[in-house]
Amino acid sequence: MEYTVFTVLTSLLATEDNKFISAKIEELENQINLNEVERQIITDIKYNLQLGQAPSVAYIKQKYSYADTNVLGVVITRDAIDSAIRSIIISQSQAQLKKDLVTLGSVANNLTPEELKIKINSLLENKILTSHTAIPKNNLKAMPDPYNQLQQRSVEGLSIISRRIEAHAGKAAAGTIISILGFAGSFKSTFALQTAYENAMAGKNVLYIALESTAEALINKLVLCHIASTSNNRKDLINNSWVRDRKLTPEQQEFYNNKYHELLNKISNRLIIWDEKDIVYNTFLDMNDTLKKANDLFKETTGSELDAIVLDQLALLKFTAAGGKRYNSVTDLLNDWVSYFRKQSLNFLDSGRQITIFLVSQINRESYLEASKPKKKGRYDITCASDANEIERASETMITLYKDLDTANTLLINIPKARSGDVPDNPLQFEVYGEYSYIGSLNISGEGITADDFSKDIISLESLINAG
Amino acid sequence: MLNKFILAGKFKPLITGPRDKFVKKADQIRSVIFNNNLSDVKAILLYGSDTREPVYYAFGIYYSLLKDRVLDYAITTGQHFINQHFLTEATRDLDLYSKIYSSDLLFISLSQFDYTSDYLESLLIDLVDTRSTNNKITIIHYDILDTKNYMHTTKKLSDYFLSNHIVIDLTKQSKPNQQTSNTKAQTKKASERFI
């Protein structure tokens, strides 16, 4: 049976339960496209509710008799009202979809492929197409060894550069978003690239989407990072500016090339770096297509599927059409992108598989100024993200980066949100070498010093004074 | 583990005067630190008659290594602190004033002849208390200019440090590398808090 809004309204009034009537009327207003008469009836009912008593069914039927198509006098029972509302929503969505398809068909010849994609994308937002009818499986089910199954998930998580970070945040598990946040010049891309590098070296398939930089520049940084992480002699390190200014000696050029090949060999196709000229990402459909291509490429070259995506960085998606809606602000649009990536992390390309997303994003100016005060140095809080407030909600872990201006080569890393861990009392202090595109201690002998070295005079004060 | 160059660079601004003399003096302080277990101490009152920079340098390096973190530090004098205290927010050196309360390490220099105010003592005690509560280390260096009566002039301050923290008279320290005490500061009796 096809229900009308009028029937639902009169059936609601028949329950004589003011609270129930109010709640359902609000639902109708939010979810159903109402015509003028239906709106007028609702206004009437709400006015009477404000006076303390909903109008009677007879009063409404008499006053709006011209709108009453319910000649058989059908009354929907209280239990069936939700189903009736749902049936109206579906019926309206079907009608809207038909109308939109006809409209699109009539103008299709005049649209560019790009415009066509946006229109099709917006059609996919129709409730009929987004509703899922299959009954999902209950995840609370019998398992032979539930503890080990849980452990398996955390063991399989991805690395976040350092065990010191993982001691607080845990590993980057599949099905989660890890946000990497920092103000301009806080080594966000260095952190993101190193995360991709270390995970790819550990056998995970990582797609790095570089929207801020070119793939060429990133690959150079990756080689420098590889050199820094594998060298144990400072003389071997290659400074980014030497490459930029073409100052490498023939020996250094050879060393650079050898390290490039070594990197390629060790990573063995587990890291894909695509920049904006390589991919199309204007809409969710475009991004789906890009992710599918990356997944296919991994399957072809490594035999396994994509494990993680690094998006560097979120703000640069602001010129896209995303879901094809009319967005009121850039924040709304970026929030939609965060939701998109959250969905991908939980159900990658609707395959039911979970992946990890590393989302690089900017910190707002106010938070940066606050974190620059001596009292709060580097201690960003959870509200620091400037691009999208959805980041706070969607992220499993938020990692903030702050370049310490008082101490050379020092980065303060805070973890204001760690759903599977704890927030450190003080930001963690890390060495950072922008010139070598590397975060963390260099593996160079004789450069590290501990309290023990100092107490036993293994490293004398004189050598320290002279090192300064 | 800290990087030697980053640590050395952080405290480099404290290096003054001839390098060999600086090294010698800093090494003496290093011996004082290791001859007396200061790892749990949050505030120290030092009496000294020599340049204070090597003292600050040795303590800065020691506490950074102990906490496995290159510590931020600030340096001020008692006079400067009390002057700042009486200024309004508009005229105060807010950056330094904020660092006095929040830096990991604070070095305060007091000079015997400038030291004329009971109020300064109260302010310093309050400051040390606040910082200790926040787990921050404060080192006060009292510069002895007249070898007589210096303990008497600072009675209130030294009494407070003897009851709560530790007092070290650098002019009476034994030769380097002679172990004098292994007792933890928190368990010391008042008489043991004077080294």
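Tutor: What follows starts with a helix pair in chain B, then turns to the cores and the backbone. The model is predicted.

Take α2(B), residues 19-35, and α3(B), residues 53-67. Their axes come within 8 Å and cross at roughly 50°. An angle between 35 and 65 degrees counts as oblique, so α2(B) is oblique to α3(B). The crossing is right-handed. On the α2(B) side, the contact residues are B:F22, B:K25, B:A26, B:I29, B:R30 and B:I33. They meet B:P54, B:V55, B:Y57, B:A58 and B:Y62 of α3(B). By class, this contact has 9 nonpolar and 2 charged residues, with no polar ones.

Now the cores. The largest nonpolar core has 85 residues. A:Y208, A:V310 and A:L359 have the most contacts inside it. Helix α11 of chain A, residues 215-230, gives the most to this core, with 7 residues. A second, separate core has 59 residues.

Leaving out residues up to four places away in sequence, its contacts include A:Y208, A:I209 and A:F358.

Next, the backbone. A cis peptide bond joins A:D312 and A:Q313, with omega about 0°. A:Q313 lies in the loop between β4 and α15 of chain A.

Two non-glycine residues have positive phi: A:N269 at about 65° and A:S437 at about 50°. A:N269 sits between α13 and β3 of chain A. It counts as partly exposed, because it has 14 C-beta neighbours inside 10 Å. A:S437 sits between β8 and β9 of chain A. A:S437 is buried, with 26 other C-beta atoms within 10 Å.

Note on methods: Residues numbered from 1 in each chain as written. Chains lettered and ligands numbered in written order. Predicted model: local features only at pLDDT ≥ 70, side-chain atom pairs only at ≥ 80, totals over all residues. Core = buried A, V, L, I, M, F, W, Y, C linked by C-beta atoms within 7 Å. Buried ≥ 20, exposed ≤ 12 C-beta atoms within 10 Å, placed from the backbone. Helix = DSSP H or I, 4+ residues; strand = E, 2+ residues; numbered from the N terminus. Contact = placed C-beta atoms within 7 Å. Axes fitted to C-alpha atoms, helices over the stretch in contact; angles between N-to-C directions. Parallel < 35°, antiparallel > 145°, perpendicular 65-115°, else oblique. Left-handed = near helix turned anticlockwise from the far one by under 90°. Nonpolar A, V, L, I, M, F, W, Y, C, P; charged D, E, K, R; others polar.
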